[in-house]
Structure formats: C-alpha cells, structure tokens
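Look at the structure first, then read the points below.

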Amino acid sequence: FRIMAGKVKWVTDIEKSVLINNFEKRGWIQVAENEDWNFYWMSVQTIRNVFSVETGYRLSDDQIVNHFPNHYELTRKDLMVKNIKRYRKELEKEGSPLAEKDENGKYIYLDFVPVTFMLPADYNLFVEEFRKNPSSTWIMKPCGKAQGKGIFLINKLSQIKKWSRDSKTSSFVSQSSKEAYVISLYINNPLLIGGKKFDLRLYVLVSTYRPLRCYMYKLGFCRFCTVKYTPSTSELDNMFVHLTNVAIQKHGDDYNHIHGGKWTVSNLRLYLESTRGKEVTNKLFDEIHWIIVQSLKAVAPVMNNDKHCFECYGYDIIIDDKLKPWLIEVNASPSLTSSTANDRILKYNLINDTLNIAVPNGEIPDCKWNKSPPKEVLGNYEVLYDEEMAQSDGADRDLRGRPGQSPGVKGSRTRDSGKPVLTTWK
C-alpha cells in the first residue's frame with residue numbers, strides 16, 4: 001500500500017517523524033534503504049507534478065494524496081477573494097436570500113472577507129476606494145507566500161508607488177515585472193485579550209467537493225502577538241504588533257517558548273462565555289462555521305474534485321471587537337511543526353484523525369468508496385457540512401419560503417435587529 005510513490009522532500013524532520021509514527025502505528029510502513037518508494041505526505045509543489053499532463057502519471061485506485069490538484073483556488077489569497085466575489089454575484093443573479101444586502105449596499109450574510117483588491121491589476125479601483133476614507137490603514141500581502149513573508153501595512157498612496165501607473169509611458173508596468181499582491185482593508189479594531197491581538201487557526205478537512213463534505217477539527221488554537229496592540233500609525237512597521245504568525249512572533253524578545261503565545265479554542269470559548277455570555281459566544285462560532293462552509297461552496301464549482309484527493313486546510317480567522325469574524329486566508333499546508341509540547345500533541349492527533357477519515361480502519365484505501373466514514377473514526381473531527389445529507393433532509397430547497405436560513409440549517413436565532421442569524425448545518 002502506498003499513499004504516494006516517488007521522491008518527495010519532507011518539509012521538516014519533525015513533520016516526517018510525526019507522519020512516520022502514524023504510518024507505523026497502522027502497520028502501513030516498512031522502510032528499507034534499498035526501496036525506491038516510501039509513504040509521502042505531498043507538498044503543494046509536488047502535487048502539481050502528479051496531476052500534470054506532461055508527467056503522464058496516473059494514480060491507481062489504492063493511492064490517495066492529501067491535496068486537490070487545484071487547491072490554490074482557495075489557498076492563493078487573490079484566487080480565494082476572486083472566487084468568493086464570483087460566488088456572491090451568482091447568488092445575487094439567482095435571487096438567493098443569502099445574497100441579501102443592507103441599506104448601505106453591504107452583504108448581510110456574505111460580508112466575511114475584508115474589502116480587497118489585486119495589485120497591480122486593480123490599482124485604479126483601489127485608489128478610488130482609498131480616497132473615500134484617506135485615514136484608513138491597508139495591509140499588503142504577496143499572493144503566493146506564507147508565514148508572514150512580504151507583508152506590510154500602508155496608510156499613504158505614496159507607499160505603493162511600485163504598483164501604480166507608470167508616469168512616463170502612461171501605461172501599466174508589465175505585471176510580470178512585479179509580484180502580484182492583494183491589498184485589504186486592515187481590521188484596526190481587533191478583539192484584544194490582555195491588550196494583544198490574536199487570530200484563530202482552525203483545521204478543516206474536505207473529503208470531497210462534489211458533493212461537498214467537510215469536517216471541523218475541535219482542537220484549533222489562537223495565536224497571540226507578543227507586543228500589545230496599538231492602532232497608532234507610528235507602529236505600522238512593527239510586525240510584532242500586527243502579525244500573529246508564529247514564524248514572525250518567535251523572533252520577538254517577549255516570545256514565550258513554553259506556551260508559544262497560543263491558547264486553545266476551548267480556552268477562548270471559556271473566556272468569551274465568562275466575559276460576553278454563552279449566547280453571544282455560540283453565535284460567534286456559528287458564524288465562523290458559516291464562513292468556512294460558504295468559502296468552500298464558493299470554490300466547489302471550480303475545484304478539480306479528483307477521487308484520489310482529500311485536504312486538510314488551515315483557516316485563519318480574525319475576530320473584531322464587535323465579535324464579528326473575518327476570513328483572512330486559507331492555508332494549503334498548515335504547519336505541522338510543533339513549537340510547544342501541547343502543539344506536538346495537537347498536531348499528532350490532527351494527523352492521526354485526518355488519516356482515520358481518509359483511510360478508515362487503516363485498510364488499503366479504495367478511492368471509489370463514498371468517503372463517508374463511520375462516526376467512531378472521526379476522533380476530534382465533527383461533520384461541519386454534508387451536502388448529500390442536507391439535500392436528503394430537504395434543506396437545500398429554494399430558501400425563499402425560509403428567509404435567513406442557510407442550506408442545511410437545523411434552526412436559527414435572531415439578531416437584536418430582528419434579522420435572522422445564519423447557522424451552519426452540523
């Protein structure tokens with residue numbers, strides 16, 4: 001039995017050891033030095049080669065891989081925003097109540113991504129938006145990088161001249177000559193705990209896109225900045241204030257190597273329930289689940305739903321001080337390295353539970369099976385959305401008669417304004 005054959009470079013030795021331990025536990029692995037194949041957890045780079053027409057490689061029925069061929073439709077920052085915008089427009093055209101807007105023209109249920117433009121392509125559109133509120137702060141991110149690389153904040157147009165119109169030729173500089181970036185309105189009112197900004201890293205497993213079936217991992221965590229937050233423009237260059245990425249924070253003077261600046265999601269829930277109340281906290285997590293399901297539905301039509309594939313995504317969510325969650329980005333290769341003892345336990349269990357769903361009972365996989373594992377193998381995962389089950393319950397019928405309810409909703413609560421709250425099907 002092989003997960004994948006070929007020589008693939010491991011990201012780190014720690015990731016390799018955790019995976020090897022999991023494979024050995026199932027009796028899947030027998031490593032001999034003269035063997036020309038091994039078990040591999042594919043990287044986002046090598047997955048392209050596997051499905052490339054040029055390589056002529058074809059996966060057999062007993063081979064599965066841990067990425068979809070064009071996973072980047074969700075995990076590249078620019079493509080994620082593009083697909084979500086397209087999804088909104090399609091729902092509007094269909095007259096779906098999910099695309100309802102308020103009196104200011106903002107989506108009521110689908111406003112979960114900060115205002116975002118692609119540079120240099122949308123430079124003029126961005127300038128127009130910037131001039132509506134010239135005191136705003138924006139965050140620039142390279143489309144294809146991770147771990148906080150290349151990110152910076154701006155509050156003046158002069159700071160992004162590199163992406164502007166070429167004054168001499170009065171034409172755009174060739175896009176190939178400059179790296180593509182996304183620029184998003186910076187959430188300058190984040191929820192603070194202990195005066196520090198944080199975000200949520202949540203793990204979501206997708207076993208199939210058509211029909212969509214996804215699982216939420218219960219053991220996510222919060223990543224805290226090491227320096228107290230301030231919206232002051234004098235601190236725009238201080239990434240220890242603004243970026244929660246461990247790859248950045250671990251270099252700070254105040255970084256704690258014991259807890260790694262991390263909190264479990266259960267601790268966050270406990271904190272919010274004690275400070276804001278249980279009902280408000282439940283509503284927040286309902287909305288986070290709603291965001292995740294809608295982002296997956298946005299890319300499902302364009303995703304190459306290969307039967308050999310599954311994927312564990314790392315979702316990054318920021319909560320503002322009004323307890324509104326925002327989707328920041330989705331990672332195709334969430335870090336499996338451990339910075340603390342708790343980290344190692346969490347990620348070991350994450351890999352273990354992921355593999356149990358991808359290949360139930362440790363049996364030789366068969367990519368033709370219906371990918372609906374029994375409840376007892378879910379571990380710390382819980383079903384977040386099952387399109388087949390939702391449809392069989394009649395939940396995906398025309399929503400006009402049930403305004404405000406999402407596909408597959410078991411029930412809904414109402415906001416203070418009297419408008420219904422969308423909750424995801426679980």
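Helices (H or I, at least four residues) and strands (E, at least two) are DSSP runs, numbered from the N terminus. This is a predicted model, in which local features need pLDDT of at least 70 and side-chain atom pairs count only at pLDDT 80 or more, while totals for chains, interfaces and linings use all residues. Residues are numbered from 1 along each chain as its sequence is written, and side-chain values use heavy atoms, leaving out hydrogens and water.

- K262 lies in strand β9 (residues 262-264).
- K262 is buried, with a relative accessible area of 15%; buried means under 20%, exposed over 50% and partly exposed in between (1.4 Å probe, protein chains only).
- The side chains of K262 and D343 are joined by a polar contact of 2.6 Å. Such a contact is a pair of N or O atoms within 3.5 Å; within protein, one must be able to donate a hydrogen and the other to accept it, and residues adjacent in sequence count only if both atoms are side-chain atoms.
- D343 is one of the buried residues of α10.

**Helix α3**
- E73 is in helix α3 (residues 72-75) and counts as buried at 17% relative accessibility.
- The C-alpha atoms of E73 and V302 are separated by 7.6 Å, although the two are 229 residues apart along the chain.

**Nonpolar cores**
- The largest nonpolar core has 62 residues, and L74 and L296 are among those that touch the most other members. A nonpolar core is a set of buried Ala, Val, Leu, Ile, Met, Phe, Trp, Tyr and Cys residues joined through side-chain atoms within 4.5 Å.
- Helix α9 (residues 278-299) gives the largest share of this core, 10 residues.
- Another core, of 18 residues, lies apart from it and includes L346 and A358.
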